[in-house]
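Please look over the following notes beside the model. They cover backbone angles, nonpolar cores and a surface patch.

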Amino acid sequence: MRAAAAVFLATALAHAARAAPPDELFDPLKAIEYDLYDFAPEEQAGWEASRYAANAVRLDLGSVTLKELFAVQEAQANLRALPWLGFHLDVQDDRTREAEVARFSADVLLRVAPGVELAVSGTPDVVKQDSAIGGALLLTSSDRARYAVVRLLDDAAFFNLQNPSGARRDAPVWRAQAEARWADGPFSAWGRADLGTANEVRYASAQPQGVQATSDQRSDVEAHLRWAERGFAAGLRLSARRLDTARTAQGAETALRRGFAYARAYLLAKVLPRLALRAVALGWRERARGLDAGARYQVSRSDLGARLGAVWTPGEEWIFEAGYARVHSAQDRDGAPFDQWGDKAYGTARWSPRARVHLHFLISHQVTTGAFGGFSGGLQVLF
């Protein structure tokens, strides 16, 4: 399947022969891998409830190709020094196929009324010009399992004060963040948004690398709606991301501006005391336009697929799942349509030695092509 995509890219259009879009723009397995390598909905829901009530560590590592790693690493801490003074800390270090995100965020929370807290927020950094500063408002229920927080940051606020690289930004970069969770009986809803303005940097003309300017912009939105009862769960998970990057070096410009939306509707229903069926519908929509080696290109894709698995629970600590996922990717590059199929058979083992400790291991295989399928492993600990 990937070999066919390579042939297509090499022959689609003669005038864009020198352009080199990232290979992952055309990979039909991406929608499957992002689902399989993610935390299970039940684990995700527990983490959402803990965001301002408990401490947590999450780690997820998966192989995309024999040389490419998918990694999500997150940690959070909620500390209460005094009844009116608290701290919320977030560490994020992600390496997905589109971008890397490495960030440490801190809130110093001052309680002004029951369930109402004001915060001094920021992202402290060893390199002063990379630090951000701002403020936040947090509303919580008494158990802090329901919450709403809004935050505004001046990202890299001190960038122009002392920059040894000779770089300079013409305007501040603002980042608006919001996160909220609501739960009532079997229903829960969670959402998070991280929206930023463009970061445009100009460098001194004597840079040894020949870099004159760079720009980037990132915005992320996530949501999770869930209904869970004993022996039954259903929900919808949504994520969207916009990424714009550009670089001018030695008089030549490269750029990639893209956005995608990813939706997953899932159902988990028990059919026997220890056996359940999991069904997932997958949808991926992406558009991108880029500039490389003086050639412009446009790419779009619409993926539809599904996953069906059997879930066996032999005891309280272990859960085993095996199933099959298949997706159709309708792609277009500069007006030349191209369709691809991707599939994977997979097996997963999940071990929960404690109520809020989950470890998992997954292995998969591409059935149609017989190529490398991939594997992943991870853990989630709430304490």
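**Notes on the predicted model**

1. Arg 144 sits in the loop that joins β6 (132-140) to β7 (147-155); strands (E, at least two residues) and helices (H or I, at least four) are DSSP runs, numbered from the N terminus. Its phi is near 65°, a positive value in a residue that is not glycine. Arg 144 is buried, at 15% relative accessible area, where buried means under 20%, exposed over 50% and partly exposed in between (1.4 Å probe, protein chains only).

2. On provenance, this is a predicted model, in which local features need pLDDT of at least 70 and side-chain atom pairs count only at pLDDT 80 or more, while totals for chains, interfaces and linings use all residues. Residues are numbered from 1 along each chain as its sequence is written, and side-chain values use heavy atoms, with hydrogens and water left out.

3. Ala 156 also has a positive phi, about 50°, although it is not a glycine. Ala 156 belongs to the loop between β7 and β8 (168-169) and counts as buried at 11% relative accessibility. Most residues other than glycine have a negative phi.

4. The largest nonpolar core has 19 residues, of which Ile 32, Leu 36, Phe 70, Tyr 262 and Trp 284 touch the most other members. A nonpolar core is a set of buried Ala, Val, Leu, Ile, Met, Phe, Trp, Tyr and Cys residues joined through side-chain atoms within 4.5 Å. At least two residues of this core come from each of α2 (30-36), β2 (68-82), β14 (252-272), β15 (275-292) and β17 (318-333). The most, four residues, come from α2.

5. What does Trp 284 touch? Leaving aside residues up to four places away in sequence, its contacts (heavy atoms within 4.5 Å) include Lys 30, Ala 31, Tyr 34, Glu 98, Phe 260, Tyr 262, Arg 301 and Asp 303.

6. A second, separate core holds 11 residues, among them Ala 119, Leu 138, Val 149 and Trp 190.

7. Trp 182, Phe 187, Leu 225, Trp 227, Phe 232, Leu 236, Leu 238 and Leu 267 make up a nonpolar surface patch with about 680 Å² of accessible area together. Patch residues have over 30% relative accessible area and no salt bridge, and nonpolar side chains (Val, Leu, Ile, Met, Phe, Trp, Tyr) are joined within 5 Å. A salt bridge is a side-chain nitrogen of Lys or Arg within 4 Å of a carboxyl oxygen of Asp or Glu. Areas come from the Shrake-Rupley method with a 1.4 Å probe.

8. β13 (232-249) gives the largest share of the patch, three residues. Leu 238 lies in strand β13 and is partly exposed, at 39% relative accessibility.

Note on methods
Patches are made of residues with over 30% relative accessible area and no salt bridge: like charges are joined within 9 Å, nonpolar side chains (Val, Leu, Ile, Met, Phe, Trp, Tyr) within 5 Å.
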